[in-house]
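Student: I should like to work through this structure by question and answer. May we begin once it is displayed?

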Amino acid sequence: MFEESITVLVFLLIFLGFGLWLQDTFLNVSARMLDVHQSVPVLMLGLAVIVTLIPGKFDLSVSGVATLTTFAVVGLTVKNELPFPVAVGAAVAVGLGVGLINGVLVEYLNVNAFIATLGTGAICTGLAAVYSNGAYLGATPGTPDMPTWFRNFGTFVNKPPVAIVWVMIVLAVVGAFFVVDRFRPAAWSKTRWLVAKSAMFVSVILVLQFVTLLSTWVAQVSWMLLMLLLVALTMAVLLQYTTFGRQLQAIGSNRSAAALAGVRVRRQVVKSFVLGGFLAALAGISIAASQGSASPDVASAFLLPAFAAAFLSTVVFSDGRFTVGGTIIGGVFVVWVGIGLIVGGLPSTWTNVINGGVLIGAVSLSTAVRRRRT
Amino acid sequence: MQDPGSHTLEVDGLRKSFGSNEVLKGINLTIRSGEFIGLMGPNGAGKSTLIKILAGVYQASSGQIRLGGRTLTSLGDTEDVAFIHQDLGLVDALTIAENFALGNPPQRLFGPILNKRAERTSAARALGLVGLDLSVDTLLSDLTPGQKTLVAVARAMDRGARILIVDEATSTLPPRDAQGVILSLAAAAAAGATVVMVTHKLSEILEATSRVLVILDGEMVRDAPTHGLDRAALVEMLMQHESDPHNLDDASHQTRDPVLELRGVHFEDLGPIDLTLNAGEVIGISGLPGSGLHDIALLVNGTLKPHKGEVVESRPRLTRALVPPHRESQGGFGELSIRENMALSALGRWRRLSRVLKPRREELDCARVASELSIKPASIDTTFDILSGGNKQKVIFGRALLLNPDVFVLCEPTRGVDVGTRSEIYRLIRELARGGAAVLVASSDAEDLFSVCDRVALVADGRLQQLRPVSELSTSELELMV
Ligand SMILES: Nc1ncnc2c1ncn2[C@@H]1O[C@H](COP(=O)(O)OP(=O)(O)OP(=O)(O)O)[C@@H](O)[C@H]1O
Ligand SMILES: [Mg+2]
């Protein structure tokens, strides 16, 4: 249990350190939640890449897909003056289609996943540029714009009813309550574990509520964050508690053994690419909603942070597996560490240096802790 | 040539814990030159852990290791000691001589020019020691598994090892190859080397060793000279209830409907193969490595598709489960838990209409099968990787049990499992047949054939010989067959 939580503990200490150092400029709930709100596309792409990382494949096309789908949503409404639902439908279709092509290339034509998805990603980014003549696309006076509800959905100031957020959080906590059973020490009896576990959950929740004022954070959850939460919960269930998810894990662990155990390996991997493409399209739609326009290469800078979040998930409450919760937590903390330093006076051009440093630091720390135990 | 006392291996109060799990609870040992030690004990007793500590793979929590009076942290870096694990550490793409040269300080003519000739003569001499009549230029990939093991032994001797420590090197070998390995180890011991061998095969202990050590639950419970022991005494030492392999309930074969048929099947060098599996019957096939024994099993399972001929299923959507022949590479998922490993093939059992699995039911079912197979450690959330060899085998067997298919295809079902579990697996296989499943056992272990099978046949020269009822065969006939 300790090895699996060490990175999270370090994250919390860093957060605390920033709080003590920068006081209210950092410990500003609304500003910190705004950071997370703005990272929704990155986190969504992080979820998109873990779906294929679990069966052991890299999908580098997700940022290209996100760029292309942003242009599809914005361009088809603004430039081609199509009804908005058609534009969104086209964006989703692009995501699914590119995912399918990736899957077929990798599984049936045996192209290395790195190369195949590097190629399809480049094609997507390129098509977006061709479509827009390499220029910015957005509503101008006289052209139709995306519907107001969609723009509201993308802005931080519009909040969903708090009750809905609470329901989702309760669901996530209940889920986590069962998931941690994996870490029960073999020597502990069921009742002892149940008591310890409940005590731990209650104390964590109490600390969250009274020390960090959980409810003020919850009140800042925007519509887009709510959507991310919903997608994350669905994905967590999908990856842990369905045949598809279990089979993906098995494929990633030992492909030939999975085939011998009756898993239809190729099919499932293709499906995972399709799902990854779908999530990348959701990321693109989120970009369109929050920015209200599409600029060239808009998502390409998100690729590395998305992979960083995905790989951080292997050391956040995890024994080396890619997890949904870890991707979100890891991704958010990377953002906060970066922001903390910037608030503290570091020029914002340092963001990538910090991202890279956090990734390497967190993964090597937790590997070192785990190594020491044998 | 050397003072025999200088190679006495002493182990004193050796303890090892993984987290809160104490695996070795104070092991004491003294082994003198020329002894051939058989190390036995149930799956998960701690045999491999002891050997890995000696080899320096793990660090002991406390205790001492002494070689010839010197205290060492491990024997791993000592030239006098060689370890032969199941994974032999040989490279398939290289020749025997090149494999010998790997890891040795290069013999040089002058400058950077290697003295290939010296390497080859010393390799040839070592091959002679283990009785292998092969050119040193043979590629490793052209050897049988048994020959590879012998090459590993020869390499250890070539490096001047005086102590050979062998962990289940024979469990994956067909009997004749295993015999060869045991004989050359015995010869090495007779020539003054010390041999420590882990095995689950009683016959190997009786045939070759001079002393038997038994580990139970991390404690050395018995230490006795082999001389004067027999099979029954060994079984008793292992404290397992003895199985009576011959009480097959022949009366209970009510239904014998054909379930699956191979008709004139050809695959690579195999064929034509005709084979019918019936509900409620256990069919055993055996053969030498390279005979295509496991290919037939994979054809039955549908993993391999015949080049010619057909596989006829008696009903649509016939379910089949496979225990694959190579546990490490084809069987398990190292990073996943016991539960996830066992549940994989049978996930459909716990699927709701919404397609989300019922985790509690899954957990209960997996825990039940795990305890039926007495998998250790008992927690099904344990990672597969850290299980002992025999327990890995049980988990993979458990996966097939959970699926509960119409046809079981079991390759080497008892490879590396201890005496007690072996009889438990036999009992389970009989029960499967009684429950109406068709079972195919493809094994190179004669005991598997005469303990559970109704009819058996040999694969030779690409053909499957006539199936014969086991009751008509004597044990010696069966052992000759294999
Ligand atoms: N790295 C590890 N971490 C935790 N537990 C371990 C580790 N390695 C082994 N164990 C545990 O130690 C026990 C002894 O394992 P070991 O491999 O020594 O058994 P063994 O006697 O060789 O059994 P077998 O006959 O099945 O090979 C097992 O219960 C196993 O799960
Ligand atoms: Mg072992």
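Student: What covers the buried residues of helix 6 of chain A?

Tutor: This is a predicted model, in which local features need pLDDT of at least 70 and side-chain atom pairs count only at pLDDT 80 or more, while totals for chains, interfaces and linings use all residues. Residues are numbered from 1 along each chain as its sequence is written, chains are lettered from A and ligands numbered from 1 in the order in which they are written, and side-chain values use heavy atoms, with hydrogens and water left out. Helices (H or I, at least four residues) and strands (E, at least two) are DSSP runs numbered from the N terminus, and contact means heavy atoms within 4.5 Å. The cover over the buried residues of helix 6 of chain A includes helix 4 (62–78), helix 5 (84–107), strand 1 (137–138) and helix 14 (265–291) of chain A.

Student: Which residues of helix 6 of chain A are buried, and within what arc do they fall?

Tutor: Buried means under 20% relative accessible area, exposed over 50%, and partly exposed in between (1.4 Å probe, protein chains only). The buried residues of helix 6 of chain A are A:Ala113, A:Ala116, A:Thr117, A:Thr120, A:Gly121, A:Cys124, A:Ala128 and A:Ser132. The buried residues of helix 6 of chain A line one face of the helix, because seen down its axis they fall within an arc (of the directions from the helix axis to the C-beta atoms) of 125°.

Student: Which exposed residues does the face of helix 6 of chain A turned away from its buried side carry?

Tutor: Exposure is judged here by relative accessible area. On the face of helix 6 of chain A turned away from the buried side, the exposed residues are A:Ile115, A:Leu118, A:Ile123 and A:Val130.

Student: How many Å apart are the end C-alpha atoms of helix 6 of chain A?

Tutor: The expected span of a helix is 1.5 Å times one less than its number of residues. Helix 6 of chain A has 20 residues (113–132), so it should span 28 Å. The end C-alpha atoms agree with this, being apart by 28 Å.

Student: At the start of helix 6 of chain A, which residue has a side-chain oxygen that reaches to the backbone nitrogen of A:Phe114?

Tutor: A polar contact is a pair of N or O atoms within 3.5 Å; within protein, one must be able to donate a hydrogen and the other to accept it, and residues adjacent in sequence count only if both atoms are side-chain atoms. At the start of the helix, the side-chain oxygen that comes to within 2.7 Å of the backbone nitrogen of A:Phe114 belongs to A:Asn112.

Student: Is helix 15 of chain A enclosed or open, and how many of its residues are buried?

Tutor: Among the buried residues of helix 15 of chain A are A:Leu303, A:Phe307 and A:Leu312. Helix 15 of chain A (residues 303–312) is largely enclosed by the rest of the structure, because the number of its ten residues that are buried is eight.

Student: What area is buried between domain 1 and domain 2 of chain A?

Tutor: Domain bounds come from an automatic or database domain assignment, which gives domain 1 (1–38 + 313–374) and domain 2 (41–156 + 244–297) of chain A. Their centres, taken over C-alpha atoms, are separated by 26 Å. Buried area is the accessible area (1.4 Å probe) that two parts lose on being put together, summed over both. Carbon and sulfur atoms give 78% of the area buried between these two domains, which is about 1,000 Å².

Student: What area is buried between chain A and chain B?

Tutor: Contacts between the chains join 26 residues of chain A to 35 residues of chain B. A:Tyr241, A:Arg246 and A:Leu260 supply 27% of the area that chain A buries against chain B, more than any other three residues. Carbon and sulfur atoms give 54% of the area buried between the two chains, which is about 2,400 Å².

Student: Which residues of chain B does A:Gln247 touch?

Tutor: A:Gln247 is found in helix 12 (residues 243–253) of chain A and is buried, with a relative accessible area of 11%. Not counting residues up to four places away in sequence, A:Gln247 touches A:Val263 and A:Gln268 and, in chain B, B:Leu344 and B:Leu347.

Student: What is the relative accessibility of B:Phe397?

Tutor: B:Phe397 lies in helix 12 (residues 389–403) of chain B. Beyond four places in sequence, the residues that B:Phe397 touches include B:Val323, B:Leu373 and B:Ile429. B:Phe397 counts as buried, its relative accessibility being 1%.
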